[in-house]
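Q: Could you walk me through this structure?

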Amino acid sequence: MEKLIKRLGVLVLSIIAITLVSSQEVKAGVNVEVDGTTAVVSWDGEGKAEIVGETSLTSFEVHTILDEVSDKVENVIIDKSIKTIGDNAFHGCGNLKSITIPNSVKSIGNDAFYKCYRLKSITIPNSVKSIGDAAFDFCTSLTSIKIPNSVKSIGQHAFSECINLTDITISNSVKSIELWTFGGCENLTSIKIPNSVKSIGGSAFNCCFNLTSVKIPNSVKSIETWAFYSCRNLKSITIPNSVKFIEKDAFKFCDEITIKCKKNSYAHKYAKKNKIKYKIIK
């Protein structure tokens with residue numbers, strides 16, 4: 001049984017037509033036309049899907065293409081012909097455990113892996129330059145992530161609510177940590193912020209309950225509202241002279257925190273004004 005559904009969306013000013021087929025027909029392969037380009041999605045009937053295309057796919061909703069079997073897809077192989085993992089590509093594929101991303105991919109779109117609850121690990125290749133908003137939001141089984149140096153931007157909520165994420169390596173090309181980027185990563189124990197970062201956005205590490213210490217690099221100039229909100233086990237944070245602005249409630253409910261800073265620095269004055277424990281360092 002075939003159904004033809006016209007899905008309208010304003011995405012790169014294009015209209016995308018996708019042909020839906022039953023799970024039995026998917027096994028043989030589905031031809032999907034996106035902006036005049038044909039891609040093939042094949043499913044083996046046992047949880048493995050393969051995606052092959054001729055060029056970059058601006059919007060590639062696997063959960064829609066595979067229709068009723070999207071919740072059964074466990075392993076995905078993306079062919080090196082694909083250059084973009086588009087917005088919502090694997091959104092809601094709750095049983096997805098692993099995915100192979102080739103080094104042809106240059107961007108990972110908004111909500112690309114949103115609520116892929118069983119995704120335990122993912123290797124982001126050095127070809128990727130951007131990770132979109134909420135790209136891995138609610139990937140609750142992820143335990144570690146390494147963001148390669150090719151990545152220059154990470155979107156808002158990109159890794160928020162990844163509750164089992166304990167280890168993160170951030171690209172040294174990233175200029176800012178955005179709103180809620182790592183918010184809700186309650187088992188995150190350490191984070192190394194690279195020297196490329198100039199600002200730490202609002203709620204960037206909100207409710208990272210198991211963070212114990214943080215060192216802010218000399219490149220950072222501002223720490224925004226609720227950046228470390230309710231990091232209740234955060235005992236020390238080193239703030240350099242480069243920081244010239246800290247929002248009043250950046251460390252709200254961080255009751256154990258001690259700010260390590262230089263005498264008469266902005267951080268020193270901030271700590272005194274807001275009655276936060278501090279320690280002068282050389």
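This is a predicted model: local features need pLDDT of at least 70, side-chain atom pairs count only at pLDDT 80 or more; totals for chains, interfaces and linings use all residues.

Q: How many helices and strands does the chain come to?
A: The secondary structure comes to three helices and 22 strands. Helices (H or I, at least four residues) and strands (E, at least two) are DSSP runs, numbered from the N terminus.

Q: What percentage of the residues is buried?
A: Of the 282 residues in the chain, 51% are buried. Buried means under 20% relative accessible area, exposed means over 50%, and partly exposed lies in between (1.4 Å probe, protein chains only).

Q: Which residues have the most contacts inside the largest nonpolar core?
A: They are Phe-113, Phe-205, Phe-228 and Phe-251, in a core of 70 residues. A nonpolar core is a set of buried Ala, Val, Leu, Ile, Met, Phe, Trp, Tyr and Cys residues joined through side-chain atoms within 4.5 Å. The elements that give two or more residues to this core are β6 (75–78), β21 (258–261) and α3 (266–273). The largest share, three residues, comes from α3.

Q: What is Phe-251 in contact with?
A: Leaving aside neighbours within four places in sequence, Phe-251 is in contact with Ile-223, Phe-228, Ile-237, Ile-239, Ile-246, Ile-257, Ile-259 and Tyr-270. Contact means heavy atoms within 4.5 Å. As a general point, nonpolar side chains tend to be buried together in soluble globular proteins.

Q: Back to α3, then. Which of its residues are buried?
A: Ala-267, His-268, Tyr-270 and Ala-271 are buried in α3. They cover an arc of only 165 degrees around the axis, so they lie on the same side of α3. The arc is that of the directions from the helix axis to the C-beta atoms.

Q: And which are exposed on the other side?
A: Lys-269 and Lys-273 are exposed there.

Q: What do the buried residues of α3 pack against?
A: They pack against β20 (245–246), β21 and β22 (277–280). Just after α3, Lys-275 takes a positive phi of about 55 degrees.

Q: How many bridges join β21 to β22?
A: Four bridges join these strands, which run parallel. Two strands pair if DSSP finds at least two bridges between them. Lys-260 stands opposite Lys-279 in β22. The chain crosses from β21 through α3 to β22, and this β-α-β crossover is right-handed. That term applies if, with the strands pointing away from the viewer, the path from the first strand over the helix to the second runs clockwise.

Q: New topic: what is the order of strands in the open sheet of three?
A: The order is β11-β13-β15, with parallel pairing. β11 (144–146) and β15 (190–192) stand at the edges with a single partner strand each, so one side of each is left without a neighbour in the sheet. Strand β13 (residues 167–169) is joined to β15 by three bridges, and Thr-169 stands opposite Lys-192 in β15.

Q: What about the open sheet of four strands?
A: Its order is β14-β16-β18-β20, again with parallel pairing. The edge strands are β14 (176–177) and β20, each pairing on one side only. β14 and strand β16 (residues 199–200) pair over two bridges, and Ser-176 has Ser-199 in β16 as its bridge partner.

Q: Now the loops. Where is Thr-143?
A: Thr-143 lies in the loop between β10 (130–131) and β11. Thr-143 is partly exposed, with a relative accessible area of 40%. Among the residues that Thr-143 touches, not counting those up to four places away in sequence, are Lys-120 and Asp-167. Thr-143 and Asp-167 are 24 residues apart in sequence and 6.8 Å apart in space, C-alpha to C-alpha.

Q: Is Ser-104 buried or exposed?
A: Ser-104 is buried, with a relative accessible area of 16%. Ser-104 is found in the loop between β8 (98–100) and β9 (107–108).

Q: And where is Phe-90?
A: Phe-90 is in the loop between β7 (84–85) and β8. Phe-90 is buried, with a relative accessible area of 2%.

Definitions and conventions. Residues are numbered from 1 along each chain as its sequence is written. Side-chain values use heavy atoms; hydrogens and water are left out.
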